[in-house]
Amino acid sequence: MKIREKLLGGFLLVSALTLIVSYCAGLLVQERTVANFDEVAGKTLPGNVALAQMTSELYHALFLLAQYAEQPDEATKKKIEQSISILGTYKTMHQMYHPADEALHARIEGMVEEFNRSVASYLLLVRKNPDPDEVSAARRKIDNMLEVFLRSINPHIEKEFPASLRKLQEAKEMTAQARKAFIISGIAILLVSLILSFFIAHLLTTSLRTLSTAARQIGAGRLDLSLPATTSDELSDLIREFNQMAINLSGMRTDLLTAQKFTANIVDSMADSLVVINPAAVIVSINSATRTLLGYREHELLGKTVWSIVESPELQATDLAEQASKNQIINLDVSYLTRSGQKIPMALTCSAVRDEQGELLALVLVARDFTEINRLVTEINKTNQQLKKEIVERIQARDALAAEKEQLAVTLRSIGDGVITTDTHCRVVVVNKAAEDLTGWSQDEARGQPFAEVCRIIDAKTRTRCATPIDKALAAGQTSNLADFPLLVARDGTERRIAETGAPIRDRDGQTIGAVLVFRDVTDEERREAEQIKVKKLESIGILAGGIAHDFNNFLAAILGNISLARNLIPAGINVHGLLEEAEKASLRARDLTQQLLTFSKGGEPVKKLADIGEIIKESSQFVLRGSGTGCVYHLADDLWPVEIDSGQISQVIQNLVINADHAMPEGGTIEIQGQNLTAEAARSLAPELHRPCVMLTVRDQGVGIPPELLDRIFDPYFSTKSMGSGLGLAISHSIIKKHRGHITATSKPGEGTTFTILLPASVEKGTALPLDRHEAIPPSAGPLRILLMDDDEQVRDMSGKILAHLGHKVMIADDGHAAINLYQQSLASDSPVDLIIMDLTIPGGMGGKEAAKQILAINDRAKIIASSGYSNDPVLADPEAYGFSGALRKPYDLMELAEVLAKM
């Protein structure tokens, strides 16, 4: 029967008032008491039991992890995974019974998640079979995490049990109050109600007293207590819940003791030394490895300071607790002191253990004997040194190989000859820079291509592909080359003459692994050789021309002198006089021809005289255009300034330009020649090097013109656009104009003709030049002179003697320098000394005029000597004063020229 039914039955025996009061009081007591007991037995205790079960399961999982480290099989792994799954179940139960404790839920949730991650990492680490130290470190990390968690929930458990007891006490107090209420109400209403209430209270309080006594016993630690529940009312239900709570607490204590024992076993199973000390550095716990290492029993070290077994001046000099509070983990090398006094070097790690408020609880010292590690480190260092040495040697070898390769590459790039290497299949391997330029193939393009495609070599005569030294080197295995210079056809079609040599490439065993071709462009060399042959031919011709011109000048001197003498002796009205004049002109033209031969053969400084440039232009151009279909048109200013020039050389320039213009118009045409005066400013605008007034001459044709790419080369020696040209005409013309301190340029447009422009310094201050064809009176000389004439040619001596005699002078004749010196010395000893000496500069096989003049001037430094020569390119004729002469006379000369020279003396 329920308590409520008992109360109703008793109240029915008394008055309705007793029934109502008793019912209300009993109902209130029942609800409050049951609520307290339900909270204690139905929520608090199951939640704490779930928390205890979760703790037990954590230690069970830790045990499985240790077992998995020793033997990582799938069965143990599945047990670990089941244990982790059970953890989640207990976590859910605790949250269900303690829904309001969010902080504890978050702590448990974080711990479970961190435990799952740590276990997953640990399983992965073990599967990879890592270093045992890494596995131990991972396990210690899990141990530490669990220790921290247990320390965090132990206060909670310790807090919850007293709370439950307080609720039971509250229920007891409420019951006592209810009993008093029943007694007072029973006395006030009815004595029968008092008796009945006392009876009911007795029934109720008996069970409550039993529960109270049992609660005190449980609080004292007697968790095996079991109360009888003989009835089926709420008090019996409460007693049964109370018995279950005691059973759960007993299981939790058993699990906790098991977990502590398991943790102790784990600590003792550690290979490293573990010492736990309090903040005062007093030892509170050591593991088995420490006892074995030091030779102490545990009770011998407990209570002693850690410095009794640890020697570290660095660590002892500081407050260990303070140091640990600054650094979460301290790592340093120390020495452990054994019982026998031996010092063992250890690697020490010190970590701090704190409570939830951050207060330091203890310090954990984990140390490892690194004697063996030192030995291994020493061996590793030796091995590292050896490896470093080998690495350095390999690096040096690699660098040497790279340097050799770079040097080879630089050498190949620097070689002026082309170099191509091939493999045994005649496929290109290497092409150097010179070969790239000659073939038109780059290294990247040519690599792997057939040699015959990259280097196309053909016979210069048959235009067919010829066997190369590469073919011969691979076939015969020896060096070879081609006697005749073949043609190399470049990628763009350019053809070059080359000299080539091929050789096989052999490895260390003497096996042919390829071939190399070395070749060079001999096109320019061949052209230079041809030009040198041409130069030698021209030099030979020049020497011959010079000799012929010199001798011919002597002949012309006799002819011209006699003609001019005869023309002066015959009266002007006689018919033969005109014939002699024409003969004299022809002789003068012949003299100009010999002058061109001399200029061609030797060059030389010009013998300048004031001349009318316009007359020279007309005479020279008409002379070379006789018999040609080309005509000349002259636009010469009437007031052209005179120029100081070598008439023969300037005539040669005009003739060369007119001849080139005539050849540029094979069908005939008109050559336009202009002449005008330029001020110094106008001349400087055309030629910056000129700083004086000039006469500008232009020779313009209507020919085919000169291509722009060739225009800059037309004044180069031996360059010609004509198949039969020597390439010397414009080069000589350029040299002549430069020696006259002038300037020559050319402009041209293909199809429109070419224009040559010449600037010659004008002699404005020297007056008017004499015309070429002059018939004025013979200039008088200063009285009859005694003249010493020295020349090796008898006809010249005879002709010159006659002219001098005709001019009224007395003549002494000598055929070489020695004879001239003797005659001069004799004249000085006599009363009739020589007034003037005319000396030929060149005497074949004898003393010439220059040497003889030196000796005569040594005898008499006031002697007047005139230099004469058929070699008008002789520098003495250009500047006689520099060599001690008073004047110069170029052969052949006529009566007028000789008279002019004498007049100046």
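**Salt bridges, ring contacts and surface of the predicted model**

Arg368 is partly exposed, with a relative accessible area of 22%, where buried means under 20%, exposed over 50% and partly exposed in between (1.4 Å probe, protein chains only). The structure is a predicted model, in which local features need pLDDT of at least 70 and side-chain atom pairs count only at pLDDT 80 or more, while totals for chains, interfaces and linings use all residues. Residues are numbered from 1 along each chain as its sequence is written, and side-chain values use heavy atoms, with hydrogens and water left out.

Side chains of opposite charge can pair when their charged atoms come close. When a salt bridge is taken as a side-chain nitrogen of Lys or Arg within 4 Å of a carboxyl oxygen of Asp or Glu, the count comes to 13 salt bridges. One of them joins the side chains of Arg368 and Asp272, with 2.8 Å from N to O. Asp272 is placed in the loop between α7 (234–269) and β1 (273–277), whereas Arg368 belongs to strand β6 (residues 360–369), and this pair links distant parts of the chain, 96 residues apart; helices (H or I, at least four residues) and strands (E, at least two) are DSSP runs, numbered from the N terminus. Asp272, at 9% relative accessibility, counts as buried.

Glu495 pairs with Arg463, and their closest N and O atoms are 2.3 Å apart. Because Glu495 lies in strand β12 (residues 495–506) and Arg463 in the loop between β9 (456–458) and α16 (469–476), this contact ties together parts that are 32 residues apart in sequence. Glu495 counts as partly exposed at 35% relative accessibility, and Arg463 is likewise partly exposed, with a relative accessible area of 44%. A salt bridge is also found between the side chains of Arg496 and Asp521, at 3.6 Å from N to O. It connects Arg496 in strand β12 with Asp521 in strand β13 (residues 512–521), distant parts of the chain that lie 25 residues apart, and Asp521 is partly exposed at 29% relative accessibility.

For aromatic side chains, rings of Phe, Tyr and Trp (its six-membered ring) pair if their centres lie within 6.5 Å, with planes under 30 degrees apart counted as stacked, over 60 as edge-to-face and the rest as tilted. This rule gives one aromatic pair. The ring centres of Phe715 and Phe756 are 6.4 Å apart and the planes stand at 80°, so the pair is edge-to-face. Phe715 lies in the loop between α22 (708–711) and α23 (729–739) and Phe756 in strand β20 (residues 753–761), so the pair ties together parts that are 41 residues apart in sequence. Both Phe715 and Phe756 are buried. Elsewhere, Arg491 lies over the face of Trp441, at 4.0 Å from the ring centre (NZ of Lys or CZ of Arg within 6 Å of the ring centre and within 35 degrees of the ring normal).

Among the helices, α20 (residues 647–664) has 18 residues that should span 26 Å at 1.5 Å a residue, and its end C-alpha atoms are 26 Å apart, which agrees; the expected span is 1.5 Å times one less than the number of residues. Helix α20 is mostly covered, with 14 of its 18 residues buried. Gly88, in helix α3 (residues 74–97), is partly exposed, with a relative accessible area of 22%. Gly88 and Glu109 are 21 residues apart in sequence, and their C-alpha atoms are 9.0 Å apart in space.
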